[in-house]
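Hello,

Here is the structure we talked about. Please open it and keep it in view while you read the notes below.

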Amino acid sequence: MEILHDYLEEEIKNLIEEYGEKSFRAGQIYRGIHSGKKISQITDISKDLRKKLLERFVDNPVEIIEVRKSKIDGTEKFLFRLFDGNVIEGVLMKYKYGNTQCVSTQVGCRMGCAFCASGIGGLVRNLTSGEILGQITAVNAYLGGNTEKRAVTNVVLMGSGEPLDNYDNVVKFIRNLSSPKGLNVSPRNVSLSTCGLVPQMKKLSNENLDVNLTVSLHNPFDERRKNLMPIAKKYTVKEILDACNEYFKKTKRRYIFEYSLVKGENDTKECAEELIRLLKGRPCHVNLIRLNEVKEKNLEATADKDAYRFLGLLERGGLSATVRRQIGVDIDGACGQLRRNYLEKENTEEGLF
Ligand code: SAH
């Protein structure tokens, strides 16, 4: 079966013509699915056309199966089921200026970062562009929104998976998301986070897409970065910085470095000094993240007071930096944690553990 959310409006138009229907039907279908309706719920098209579509396309590619709401800050965590039974997760964060949804781009991940729960079982498969979009249309509708009245205003590609390891689907997703007939979320309100896949970062510079680029750095020294991120064996920090530079030249958009503080690993004075040496004067911002300790991983978070001490060093060194507010700590907020717990529960019930 195919996924209709994978199609751009133009592509739906072509399909509709193949079916011998009037082309304005394409707009109704496009608006319907982007508003979060199942194909079977698009009642402004004929029953016959719905039936034809359902012979080829899944009715609902991304279904919300669990919602958890943080009692502390209202953050909501969603568990979604895909048409093949795979399960992914996403988060909705509420800010004064709007609602930001964090989406997954892959089932699992093959990057194997030492602190991250998403990579524990490796990569299962890429999500299609429509399955990435479907997470947003589902949550937008869950919040009472549609294509006219958007409840999701900002999107971050920071859930499970490495977006640039699923390049074509991610780029198509961003184009579809920003369509004025769909949810009309501007790429300027989309942040793409990568562990630093240099060739794809360069390719992205040339897409004419003004997405915000975020890079997970986590250590300024190549040798030590390898302890946390296997991808550091492939690309150096210098290569990453050059790619960021190129991205800025093309898009004029400031880039962001993510830096999850791990006790004794990357929170030393030496690390701060090297970050300052490398980043001072660049059009960038450093986001310091408190490590979300994952039970399968043996890494300890830097204490809050030490995180602020590290922040002070960066600021005094002339960098723009912040310690990111911790959200959703009571709902398995970290990448891959909720899916992991769900899979474990399922497996235990089946007696595998
Ligand atoms: N693959 C992409 C996007 C995924 S994660 C990337 O690597 O950027 C978004 C951010 O959360 C990344 O910076 C990632 O390194 C970080 N992260 C993952 N697990 C974490 C954890 N347990 N605690 C703190 N940060 C974590």
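Which element supplies the largest share of the lining of the second largest pocket? The answer is α4, with five residues. Please keep in mind that this is a predicted model.

The pocket first. The second largest pocket has a volume of about 160 Å³. Its lining is made up of 15 residues, and those nearest the centre are G36, N60, V62, T137 and A138. Both β1 (62-69) and α4 (129-142) give at least two residues to this lining. By type, the lining residues are six nonpolar, six polar and three charged.

Next, V103. This residue sits in the loop that runs between β4 (98-102) and β5 (106-108). Is V103 buried or exposed? V103 counts as buried because its relative accessible area is 0%, and the cut-off for buried is under 20%. Leaving out residues up to four places away in sequence, V103 touches I132, Q135, I136, V155, V156, L157, M158 and G159. V103 and L133 are 30 residues apart in sequence, yet their C-alpha atoms are 8.6 Å apart in space.

The largest nonpolar core has 77 residues, and V155 and L314 have the most contacts inside it.

Regards

Definitions and conventions:
Residues are numbered from 1 along each chain as its sequence is written. This is a predicted model: local features need pLDDT of at least 70, side-chain atom pairs count only at pLDDT 80 or more; totals for chains, interfaces and linings use all residues. Side-chain values use heavy atoms; hydrogens and water are left out. Helices (H or I, at least four residues) and strands (E, at least two) are DSSP runs, numbered from the N terminus. Buried means under 20% relative accessible area, exposed over 50%, partly exposed in between (1.4 Å probe, protein chains only). Contact means heavy atoms within 4.5 Å. On a 1 Å grid over the protein atoms alone, a cavity is a set of points where a 1.4 Å probe fits but cannot get out, and a pocket is an open set with protein on both sides within 12 Å along at least five of seven lines; lining residues have an atom within 4 Å of a point. Grid points are joined across faces, edges and corners, and a volume is the space filled by probe spheres set on the points. Ala, Val, Leu, Ile, Met, Phe, Trp, Tyr, Cys and Pro count as nonpolar, Asp, Glu, Lys and Arg as charged, and the others, Gly among them, as polar. A nonpolar core is a set of buried Ala, Val, Leu, Ile, Met, Phe, Trp, Tyr and Cys residues joined through side-chain atoms within 4.5 Å.
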